[in-house]
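Let's take a walk through this fold, one piece at a time. Have the sequence and the 3D view open as you read.

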Amino acid sequence: MIAAGLIFLIGAGSAAVYLWRRQWIDALLILLAAAALGVIVGDVKLPAGVGGTLSIDSDAEAIDLNEAAAVRLSGDGLSAAQWHDLPARPVLWEAPTSEVLHLDFPRELTLGRMFALTVRRSQAASWRLQLLAENKQVIADVAGSGAALTVQWLPPVAETLVLSARMLDASGKVLAQGPVPFSVSAPVPLQVVGRFGAPSFDARTLNELLVGSHAVIDWQVVLGKTVTRNEGPRAALTQPDLLVADAAHVERLGDGARAALLAQVAAGTPLVILAANAQDKQLWSRALQLELREQAEARPSGTPLALASSPLNPAGASGQWRTAGDRIWTRPWEKGRIVWLGVADWHRYAISEPQALALWWQGVLDRAGIERAQDVAWLDPQEMPLPGRRLEVCALGVQGNVTFPQLKQTLAWQRRPDKADASCVAVWPRKAGWLAMETQGAKPVAGKLYVYDKADWLLWQKAQRREATARYAARTPVAAAAGTAPLPAWPFALLFAAAMLLLWWRERR
């Protein structure tokens with residue numbers, strides 16, 4: 001507004017000079033030009049009644065809100081990609097109450113982990129959720145009467161999959177169905193150091209589980225006073241990902257060796273302690289602030305594995321120790337974490353329930369907080385990618401350019417202030433299916449995103465449009481509900497140009 005005021009003052013001064021010369025038409029032209037330029041620079045707003053309200057529906061594609069004071073919206077709203085580049089305007093919209101659903105599943109997981117698909121409905125009912133293979137055979141099925149159901153499936157090999165899911169009502173009628181795309185990657189072998197003060201079937205079973213997962217292990221078991229069984233790693237251990245020890249080994253360590261072990265944990269290497277042979281309560285209280293109590297009973301508990309309790313276990317969560325599952329306690333130790341595994345005789349499930357045992361141990365490792373450094377981490381898009389719609393691709397640890405071979409585009413990564421430590425690019429996919437991408441640099445990293453067809457998961461699309469519309473409506477303060485619209489600049493630009501040209505022509509005569 002200060003600039004507009006200066007323009008008006010300069011124009012008035014120039015008009016006064018022309019009036020002093022009795023050039024009335026020239027003075028009028030100067031005033032018109034100054035007024036037009038001042039309106040452009042001053043960003044003058046129109047009242048809501050002048051700008052008007054633009055009515056749109058959910059099927060609208062090309063939308064221009066520049067001359068609208070408010071938006072009257074019907075239907076489920078617009079997607080986040082459509083709202084992204086539109087200016088903030090008051091929204092007159094009432095969200096529909098018809099049913100929608102949300103899907104939650106990992107877009108990428110490691111081989112050996114259970115794939116879980118959760119579907120949440122906006123209305124509870126009796127229904128069934130099925131997961132179908134690519135040949136349309138049912139591979140997982142669950143029924144319930146709540147608002148959410150989860151199906152689980154263990155992928156057998158590492159591959160890229162596009163499964164299907166469908167919802168059925170109580171009578172077997174299909175309510176919704178669509179693709180479920182994800183990729184299964186081969187696991188990076190863990191580097192594990194195991195130290196055991198006494199042989200046990202539990203330690204032996206754990207060794208077999210780790211060997212079966214292609215882990216690189218450095219294993220040492222004390223068999224007697226002078227006998228120790230060593231199993232060296234098949235490759236050099238650069239930086240162990242996990243330390244495993246039984247309680248007997250930790251109790252027999254000297255103060256210096258125990259301090260060195262805890263220093264390794266403090267540096268960031270997790271430690272899992274098999275507590276079945278723990279005996280020295282005072283040592284654990286002094287070294288780890290872990291108060292142990294004798295267990296009155298060792299009755300098995302938990303499903304599907306009934307696990308017996310160790311003779312000594314914490315009475316409950318105390319200090320920095322927290323319960324992390326059935327007879328599992330954890331505590332942070334500077335940059336690392338210590339897990340107290342207070343169960344025994346779980347080795348017997350290696351034959352009767354091998355899959356359940358492997359998944360249970362995977363959960364134990366997750367509680368240990370094993371972190372594998374990744375050069376590049378692709379971020380999942382906030383909503384379903386669709387053909388012809390703006391798609392924001394974001395990643396961590398990238399710089400330079402990214403290439404999309406199918407689109408024949410190479411774009412430069414750009415930092416986004418609303419995404420910490422992430423860089424993004426925007427593309428417009430042309431068709432449904434997998435969209436490949438690859439970062440450039442010394443170590444190129446490939447990734448892929450699945451682009452859904454516009455007819456896929458219509459109820460999920462409706463839910464995402466309602467959420468995106470609600471976020472857009474929150475951008476405009478309530479106080480602005482009365483509405484103002486920017487005054488169109490182009491008529492005043494034409495008026496300014498015409499006045500100046502006419503003044504120049506009069507001066508040249």
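Leaving aside its neighbours within four places in sequence, which residues is Trp346 in contact with? They are Asp202, Thr205, Leu206, Leu307, Leu357, Trp360 and Trp361, where contact means heavy atoms within 4.5 Å.

## Ground rules

This is a predicted model, in which local features need pLDDT of at least 70, side-chain atom pairs count only at pLDDT 80 or more, and totals for chains, interfaces and linings use all residues. Residues are numbered from 1 along each chain as its sequence is written, and side-chain values use heavy atoms, with hydrogens and water left out.

Helices (H or I, at least four residues) and strands (E, at least two) are DSSP runs, numbered from the N terminus.

## The cores

Trp346 also turns up in the largest nonpolar core, which has 29 residues. Here a nonpolar core is a set of buried Ala, Val, Leu, Ile, Met, Phe, Trp, Tyr and Cys residues joined through side-chain atoms within 4.5 Å. Buried means under 20% relative accessible area, exposed over 50%, and partly exposed in between (1.4 Å probe, protein chains only). Along with Trp346, the members touching the most others are Val192, Trp219, Val272, Leu341, Trp360 and Trp361.

Elements that each supply at least two residues include strand S13 (191-196), helix H5 (201-212), strand S14 (216-222) and helix H10 (354-368). H10 gives the largest share, seven residues. There is also a second, separate core of 28 residues, with Leu129, Met167, Val180 and Phe182 among them.

## The eight-stranded sheet

Eight strands make an open sheet with mixed pairing, in the order S15-S14-S13-S16-S17-S23-S22-S21. Two strands pair if DSSP finds at least two bridges between them. Strand S15 (228-231) and S21 are the edges, each pairing on one side only. Neighbouring strands are turned by 20° against each other on average, direction ignored.

H5 packs on the sheet, touching S13, S14, S15 and S16, and its direction makes about 165° with that of S14. H10 lies across S16, S17, S21, S22 and S23, running at about 140° to S23. For these angles, axes are lines fitted to C-alpha atoms (for helices, over the stretch in contact), and values run from 0 to 180 degrees between N-to-C directions.

S21 (residues 322-325) runs antiparallel to S22, joined by three bridges, with Arg322 partnered by Thr330. The two form a hairpin with two residues between them, and Arg327 in the turn has a positive phi of about 60°.

On to S23: six bridges pair S22 with S23 in the antiparallel sense, and Arg331 stands opposite Ile338. That hairpin also has two residues between its strands, with Glu334 in the turn at a positive phi of about 55°.

## Helix H7

Which residues of H7 are buried? Arg258, Leu261, Leu262, Val265 and Ala266 are. Seen down the axis of H7, they fall within an arc of 145°, so they line one face of the helix; the arc is that of the directions from the helix axis to the C-beta atoms. What covers them includes S16, S17, S22 and S23. After H7 comes Gly268, with a positive phi near 125°.
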